[in-house]
Amino acid sequence: MSPIISVRGVTRVFGTGPAAVAGCRDIDLDVTAGELLVVRGPSGAGKTTLLTLLGTLDRPSLGTIVIDGVDTTAAPEAELVGIRRRLLGFVFQRFGLLPALTAAENVELPLRLAGVGRDERSARVALLLERVGLAEHGLQHPDELSGGQQQRVGIARALAAEPRVLLADEPTGQLDSATASAVMDLVVELVHENGVAGVVTTHDPAFMERADRVAHLHDGRLTPNAPPPVAPPSSSPSEMKESARSAPNTGAVMAAAASRRSCISEPELEPGTEPEPEPEPGRRSASDRGRSARNTQRR
Ligand SMILES: Nc1ncnc2c1ncn2[C@@H]1O[C@H](COP(=O)(O)OP(=O)(O)OP(=O)(O)O)[C@@H](O)[C@H]1O
Ligand SMILES: [Mg+2]
């Protein structure tokens, strides 16, 4: 099967001269439909840089990224907007929900922006919320939901537009271990059942065990097909430190996720309504993100 995502020789350098930092270097990567690739790597390894590039929110300094046959590194910004709408769904570590909207309205937003009619929107939102186990929570605002529930709303929103590619940057990083596990189940299930190409970054060994493939990022370089992580139960101090990122079990379940349904393609949120991926201080400036980086193709 030909890959939906095909990355060749991708390098992203931030800054110039002695201050230049390589966010990622010389990445080659293919992801096919129905495949879940988990990218692991320590802080600063380049995970967010890579996902941001795959999501066409930034351009590489070198190399090509082809998504569904389109060379996104050569495409003008206007075409990228269409690609993001039609092909890409994003899930962020900090959920990225709009606080003024209810859960249902957050899920509905991409459909609204895509011009889907009201009745169809309501039907799809109901299905999506049911699929992520939140049929009863559509009227609640994000601050009235638990972290796991918020992340499930984020997943429902990412899927609202039937993306061919699901990109998730540490989607369980803010969740307790049981909720993280339920969110992982959902992502794995959705990738496999909807034939989506999934790329998930994580520190969480539990997510890696459920991946079809694990690639390791270190210092911006990717080692594909890294060996599976050693089973953790009798945790080493470093593993305990990693798992301490997840807190105790709340027993959240995805029971209602049984229904099968198709999804639609995620439209780009309007400027000013698009949730920020990870509002880390000092991260990519608008000018940096928007700049048309040199894009020398290697082949
Ligand atoms: N806008 C930027 N300007 C300069 N350097 C940057 C920028 N964005 C990322 N970097 C650098 O690129 C490298 C990779 O950063 P990135 O955020 O991709 O790492 P990460 O693996 O996502 O880390 P974490 O697990 O902490 O989220 C780091 O050295 C970082 O400082
Ligand atoms: Mg990151």
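The legends below describe several close-up views of one predicted protein model.

Residues are numbered from 1 along each chain as its sequence is written, while chains are lettered from A and ligands numbered from 1 in the order in which they are written. Because the model is predicted, local features need pLDDT of at least 70 and side-chain atom pairs count only at pLDDT 80 or more, whereas totals for chains, interfaces and linings use all residues.

View 1. Helices (H or I, at least four residues) and strands (E, at least two) are DSSP runs, numbered from the N terminus. Of the 299 residues, 45% count as buried; a residue is buried if 20 or more other C-beta atoms lie within 10 Å of its own, exposed if 12 or fewer, and partly exposed in between, with C-beta atoms placed from the backbone. Among contacts between residues at least 6 apart in sequence, 77% join residues at least 24 apart, where two residues are in contact if their C-beta atoms, placed from the backbone, lie within 7 Å.

**View 2. Strands β2, β1, β4 and β5 form an open sheet of four strands, in the order β2-β1-β4-β5 and with antiparallel pairing.** Its edge strands are β2 (21-31) and β5 (70-71), each of which pairs on one side only; two strands pair if DSSP finds at least two bridges between them. Strand β1 (residues 5-14) is joined to β4 in the antiparallel sense over five bridges, and Ile5 has Ile67 in β4 as its bridge partner.

**View 3. Strand β7 (residues 165-169) is mostly covered, with five of its five residues buried.** Val165, Leu167 and Asp169 point one way from the strand, Leu166 and Ala168 point the other way, and all are buried. Strand β6 (residues 88-91) runs parallel to β7 and is joined to it by four bridges, with Leu88 standing opposite Val165. Strand β8 (residues 197-202) also runs parallel to β7, joined to it by five bridges, and Thr201 in β8 is the bridge partner of Asp169. From β7 the chain crosses through helix α6 (residues 177-194) to β8 in a right-handed β-α-β crossover, that is, with the strands pointing away from the viewer, the path from the first strand over the helix to the second runs clockwise.

**View 4. Helices α5 (residues 147-159) and α6 pack at an angle of about 15 degrees, with their axes 9 Å apart.** Therefore α5 is roughly parallel to α6, a term for angles under 35 degrees; the axes are lines fitted to C-alpha atoms, for helices over the stretch in contact, and angles run from 0 to 180 degrees between N-to-C directions. Residues making the contact include Gly147, Gln151 and Ile155 of α5 and Thr179, Val183 and Leu190 of α6.

**View 5. Helix α3 (residues 103-113) is largely enclosed by the rest of the structure, because eight of its 11 residues are buried.** Among them are Ala103, Asn106, Val107 and Leu111, and the buried residues of this helix pack against α4 (118-131) and α5. After α3 comes Gly115, whose phi is positive, near 80 degrees. In helix α4 lies Ala126, which counts as partly exposed because it has 14 C-beta neighbours inside 10 Å. The C-alpha atoms of Ala126 and Ala104 are separated by 7.8 Å, although these residues are 22 residues apart along the chain.

Technical notes. Parallel < 35°, antiparallel > 145°, perpendicular 65-115°, else oblique.
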